[in-house]
Amino acid sequence: MAINFDKALGVHPQALTLREKRGEVLASNLANADTPGFKARDLNFQSVLQGAMPDELPIERTRSGHAAPSDLLLGANLMFRNPHQASLDGNTVESHIEQAKFSENAVQYQASLRFINGKFSGLMTAIKGESA
């Protein structure tokens, strides 16, 4: 019987990729904190991940007032951040906020790695025929 890694690992590989891309965007924001006119950007992780989820549980509208599910693409979710206080030169990067978002993303990236490690450990246990 072959192992289907997509089913075995679930959404965790996609989450890891999205966290990596978000880290790049946040690092770019921090690198351009002193660039006049630079606009801070961010990736909406939850909406992108929902778009990447398999359609095992299709969402149906049972009433006309219900919201319809939207089609989300990775590139379409790179949004500009609204600053609390923009600088006079038009730069919207707020270093303290970007640093906090970067740190939060790094912790979540580590969590995704731990989830994947746990999945592989479980697979190795099953392959070796060991009991948990």
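Colour the chain by secondary structure and read along the sequence: the pattern goes α-α-β-α-β-α. That makes 4 helices and 2 strands, where helices (H or I, at least four residues) and strands (E, at least two) are DSSP runs numbered from the N terminus. This is a predicted model, so local features need pLDDT of at least 70 and side-chain atom pairs count only at pLDDT 80 or more, while totals for chains, interfaces and linings use all residues. Residues are numbered from 1 along each chain as its sequence is written, and side-chain values use heavy atoms, with hydrogens and water left out.

Of the 132 residues in the protein, 24% are buried; buried means under 20% relative accessible area, exposed over 50%, and partly exposed in between, using a 1.4 Å probe and protein chains only. Now for contacts, meaning heavy atoms within 4.5 Å. Among contacts with a separation of 6 or more, 78% are between residues 24 or more positions apart.

**Stop one: two helices**

Select α2 and α4. Their axes come within 9 Å and cross at roughly 160°. (Axes are lines fitted to C-alpha atoms, for helices over the stretch in contact, and angles run from 0 to 180 degrees between N-to-C directions.) The two helices are therefore roughly antiparallel to each other; angles under 35 degrees count as roughly parallel, over 145 as roughly antiparallel, 65 to 115 as roughly perpendicular and the rest as oblique. The crossing of α2 and α4 is left-handed, which is the term used if the near helix is turned anticlockwise from the far one by less than a right angle, with clockwise being right-handed.

Show the side chains where α2 meets α4 and you'll have 11 nonpolar, 8 polar and 6 charged residues. Here Ala, Val, Leu, Ile, Met, Phe, Trp, Tyr, Cys and Pro count as nonpolar, Asp, Glu, Lys and Arg as charged, and the others, Gly among them, as polar.

**Stop two: Arg 22**

Stay on helix α2 and pick Arg 22. Is Arg 22 buried or exposed? At 7% relative accessibility, it counts as buried. Leaving aside neighbours within four places in sequence, Arg 22 touches Asp 42, Leu 43, Lys 101, Asn 105 and Gln 108.

**Stop three: the salt bridges**

Side chains of opposite charge can pair when their charged atoms come close. How many salt bridges does a search of the whole structure find? There are 3, each being a side-chain nitrogen of Lys or Arg within 4 Å of a carboxyl oxygen of Asp or Glu.

Begin with Arg 22 and Asp 42, whose side chains meet at 2.8 Å, N to O. This pair links distant parts of the chain, with Arg 22 in helix α2 (residues 12-31) and Asp 42 in strand β1 (residues 41-43), 20 residues apart. Asp 42 is buried too, at 11% relative accessible area.

Arg 81 lies in the loop between β2 (78-80) and α4 (95-128) and Asp 42 in strand β1, so the pair ties together parts that are 39 residues apart in sequence.

Arg 81 counts as buried at 15% relative accessibility, and Glu 98 does at 0%.

Finally, show Arg 22, Asp 42, Arg 81 and Glu 98 together: they are linked in a network of salt bridges.
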